[in-house]
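Here are my notes on the model you sent over. Have it open while you read.

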Amino acid sequence: MELTDLADIVGLVFIFLGIATIIISAIGLFKLPDLYLRASAVGTSAGLGVASIVLGALLMDFSGTNLIKAIIAIIAQLLTSAVGSMAIARAGYLNNALPAPITHIDELRLTRRETSGGR
């Protein structure tokens, strides 16, 4: 077995792990009980899933320029998915989206400033 064959196999494993992570994330959109859990699961899973797929593609077609592109893509994906999911959760909280009944503690409520004018 050559080194390129091994890199292709490891690359395919990373790609399939990324696909599985995204599928599990999609199932979470339907199964999780509230906005906050959905945003957390999708932000984390989608970020890691896409990063795994990019890493797998890099291993299957490795070059210096592809390495630079993959590093930029992985960093951008991890940052934007985390920031996006937190923005969605914050928007839901500011619009009084109720958490699931299994949520017992609302520490953010203690820091919330009530606004006047019905908002």
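**Notes on the model**

1. Pocket first. The largest pocket comes out at a volume of about 430 Å³. Its lining counts 20 residues, and those nearest the centre are Tyr36, Ala89, Tyr93, Pro99 and Leu108. On the helix side, H2 and H3 each put at least two residues into that lining.

2. A word on confidence. This is a predicted model, with a mean pLDDT of 88 for the chain and 94% of the residues at 70 or more. Among the elements, helix H2 (residues 35–60) has the lowest mean pLDDT, 91, while helix H3 (residues 64–94) has the highest, 93. Those are the two helices that I mentioned for the pocket lining.

3. Met1, Leu3, Leu6, Ile9, Val10, Val13 and Leu17 make it up, and its area is about 710 Å². Val13, one of these residues, sits in helix H1 (residues 3–31). Is Val13 buried, exposed or partly exposed? Its relative accessibility is 46%, so it counts as partly exposed; the exposed class would need over 50%.

4. Last, the segment after H3, which is where you'll find Arg112. Arg112 has a relative accessible area of 25% and is therefore partly exposed, since buried would mean under 20%. How far apart are Arg112 and Leu94 in sequence and in space? They are separated by 18 residues along the chain, and their C-alpha atoms are 9.0 Å apart. Leu94 falls within the residue range given for H3, 64–94.

How values were computed. Residues are numbered from 1 along each chain as its sequence is written. This is a predicted model: local features need pLDDT of at least 70, side-chain atom pairs count only at pLDDT 80 or more; totals for chains, interfaces and linings use all residues. Side-chain values use heavy atoms; hydrogens and water are left out. pLDDT is the predictor's confidence in each residue, from 0 to 100. Helices (H or I, at least four residues) and strands (E, at least two) are DSSP runs, numbered from the N terminus. Patches are made of residues with over 30% relative accessible area and no salt bridge: like charges are joined within 9 Å, nonpolar side chains (Val, Leu, Ile, Met, Phe, Trp, Tyr) within 5 Å. Accessible areas come from the Shrake-Rupley method with a 1.4 Å probe; for residues, only the protein chains shown count as cover. A salt bridge is a side-chain nitrogen of Lys or Arg within 4 Å of a carboxyl oxygen of Asp or Glu. Buried means under 20% relative accessible area, exposed over 50%, partly exposed in between (1.4 Å probe, protein chains only). On a 1 Å grid over the protein atoms alone, a cavity is a set of points where a 1.4 Å probe fits but cannot get out, and a pocket is an open set with protein on both sides within 12 Å along at least five of seven lines; lining residues have an atom within 4 Å of a point. Grid points are joined across faces, edges and corners, and a volume is the space filled by probe spheres set on the points.
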